[in-house]
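Dear colleague,

I am passing on a structure that you have not worked with before, and my notes on it follow below. Please read them with the model open beside you.

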Amino acid sequence: MATAITPETMIPEAIKAHPQLRGILDQYGLKGCGGEFGPAESMEFFAKTHGVDSARLLTELNAAVENPKLAPAVDYKPSLADSIYRRFFLGAIGVTFTAGALWGVILLWQIAFAGRFTALPINEINAHGHSQIYGWVGLVIMGYAYQAFPRFKHGALWRPSLAALSFVLMLMGIALRVVGEYFAVSIHQGTILLSPLWFGLGMLGSCLELMAALLFVLVMVKTYRTIGKPLETYDKWVFAAVGWFVVGIIGDAFLYYATATAPDRGALVSAVAAYQLPLRQVQLYGLATMMILGVSLRFMPPVFGFADPGEKLYRRMFWPLILGVAASSALFVVMFKTGEFLRVGLAYYAATLLIVVPCLWISLSFRPFGKVTGNDRSIKFIRASHFWFMLSMVMLALEPWYNRLTSQTFSHAYHGAMMHALTVGFISMSILGVGAKVVANLCGEDTARLSRLWLVFLLINTGTALRVGNQVLTDFVPASFNLLGLSGLLILAALLLWALHILIIMYRPRQAAHAMNIESVTIAPQARVGLVLQRWPHTLDVFVKHGFGLLKNPVFRNTLARNVTLQQACEFQKVDLLRLMDDLNEATRERSSAPAQAHSCASLDPGLTVAEAARRYPVTVPVFSELQLDACCGGADTIANAVEHHGLKLDEVMSRLNQAIAKAHS
Ligand code: HEM
């Protein structure tokens, strides 16, 4: 057997040379990924990320290179799901450069000028925190989940239109909630005044967010159910994170209600003191950390070459971490409500360690600072994100001791520093690293040819170091406030450069179909109508004869027709694909010195599923029934496989099927 396809072969090269291979790669979840010719990644990389045995994939691909009929028909149709992540990433960038990080920078400068953390109204801090958690982190998580998880399972997203609806709801929810929270409460001569209109709008925002999160759960559950593959360990982490997503939104709405309707300053402070920290535990450790760690198990070893911590460790750490998040949140509230700061406080601390230990253990197991096999630009972001993750975990474990040593009940400086080591250092740095890899891949770009993003890396790490270090130092050296504002600007600049890079990759016009070598166009179901016409202009008559009169219009030929395959055009116009291909082959054979690929009427593809063949050629149904092939896997298996299962001879079966088709056409 030929070995045209090796582990190093790049997907676009393979698809350009052998378009039929797309059918095999689609089966393993390629679908619309990377555009027309797929992502700029090697076959080995594809096999690893999509969880396919590399040797088996290569055998299938090489067999299909030798005999194109062995490849399943390319049944890919462009869909909303192909690049569903884009709107979510765009939304996340939009939120972070308005109510998110940008507002955070303004708040930080205000703190720096005032020289104290309590200088800001809580509703402003919370509006910033809320938009960062749901706008920046939440939208990225949703977009990534919709885009990647179905492909990891070799399936398709269930109802992409509902996924798109969840985006609209979430974005509208965040906008209403942030604006509502900002304007709902004002303090006039020491009295808290509530504006029912703004408060109501904020609550409406929370309801929309909840609807978006529930829709997200529905689409993900249905997608997994439809694909029907058993849940892997990382899936359980993902679903746990999705569960915390919903709990966090409900908790956030409750905190908003409690703070906005507090009758006086005392009640407001005690609502914040009792509920704010538990809410952040749910959002940051339940939602963000569990999601990132879950994805890391699936992504970090195969894609970046980090050590594999193993499923066993993840299984062992799953329930302790969930218990840690749930118990620490609940105990913190109990501690405040009962005033039992010692007994309940100790239990709270023990529950916090249930978060710290699994997180540190898992993070160390990836050996993030050891040698890795890959050389991707994102690796440095992942390493740094784990550094900040470990630091934030150590800070979490040491928080009570720090407070004791500095004789404080609560240190805003220490707590805020720890929070931003996690939110900027770990969570945002993970988004930057994984985003830079994933977006480039999905857009068919080779990351080796793109910027290494060193400036982004240096800016965000310097900014985070300044933020975390200086914020703690403000407890001892008031002059440290001066550098805090600068730290925000550095982080913002890093996010801005990264966002511009990502937006350019997502939206720049790329090498399109017409850039491919026109000589390599063949008459095949997946050939683009516009390209067939470009190579053989005289085939216009054939198309017109088959009812494609619109193609007489040159604008139509050069625009839409370039993006529509023969198969799609025939399905749309209800035209017999094989008849059209026959006529096209005849026309091109007559004119061309090189023999065109013949697809005679009587050449049914054995790579088609039984059901698809029966749908396209109803005359084959009696033959399938007689040979009992229609009962095989409910028609979902390919003809070739079904024939093999039944111990029949493929040549004979194909000959009978083709005869039936030919007879019907004659
Ligand atoms: C340019 C980057 C950022 C700046 C300048 C910034 C600034 C601030 C400031 C000044 C505060 C109030 C004081 C404090 O708690 O330290 C704050 C709070 C907060 N920030 Fe940020 N932030 C940034 C990025 C982020 C990111 C990326 C996230 C989430 C992913 C985030 C989540 C939060 C949360 C949840 C709070 C509320 C803290 C609490 O509940 O105590 N921030 N931020």
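What volume does the second largest cavity have? The second largest cavity has a volume of about 210 Å³, where a cavity is, on a 1 Å grid over the protein atoms alone, a set of points at which a 1.4 Å probe fits but cannot get out, and where lining residues have an atom within 4 Å of a point. Grid points are joined across faces, edges and corners, and a volume is the space filled by probe spheres set on the points.

Before going further, please note that this is a predicted model, in which local features need pLDDT of at least 70 and side-chain atom pairs count only at pLDDT 80 or more, while totals for chains, interfaces and linings use all residues. Residues are numbered from 1 along each chain as its sequence is written, and side-chain values use heavy atoms, with hydrogens and water left out.

To return to the second largest cavity, 16 residues line it, and the closest to its centre are Cys33, Phe152, Phe299, Val438 and Leu442. Two or more lining residues come from each of α3 (43–49), α7 and α15, these being helices taken as DSSP runs (H or I, at least four residues; strands are E, at least two) numbered from the N terminus. The largest share, five residues, belongs to α7. Domain 1 (1–78) and domain 3 (377–509) each supply at least three residues to this lining, the domain bounds being taken from an automatic or database domain assignment.

Of the 21 residues that line the largest cavity, Ile292, Val295, Ser430, Ile431 and Val434 are the closest to its centre. The elements that contribute two or more residues to this lining are α7 (122–152), α11 (265–304), α14 (379–405) and α15 (412–442), and α11 gives the largest share, seven residues. Because domain 2 (240–367) and domain 3 (377–509) both give residues to the lining, the largest cavity lies between them.

The domain assignment also gives domain 4 (512–599) and domain 5 (610–665). Between them, domain 4 and domain 5 bury about 410 Å², 40% of it on carbon and sulfur atoms, buried area being the accessible area (1.4 Å probe) that two parts lose on being put together, summed over both. On the domain 4 side, Asp576, Leu578 and Arg579 lose the most area to domain 5, together 66% of what that side buries.

Between domain 4 and domain 5 there are zero salt bridges, a salt bridge being a side-chain nitrogen of Lys or Arg within 4 Å of a carboxyl oxygen of Asp or Glu. Over the whole structure the search finds ten salt bridges, one of which joins the side chains of Arg22 and Asp26 (3.5 Å, N to O). Arg22 and Asp26 are separated by about one helical turn, because they stand four residues apart in helix α2 (residues 21–27).

With best wishes

Conventions
1 Å grid on protein atoms, 1.4 Å probe; cavity = no way out; pocket = protein on both sides within 12 Å on 5 of 7 lines; lining within 4 Å.
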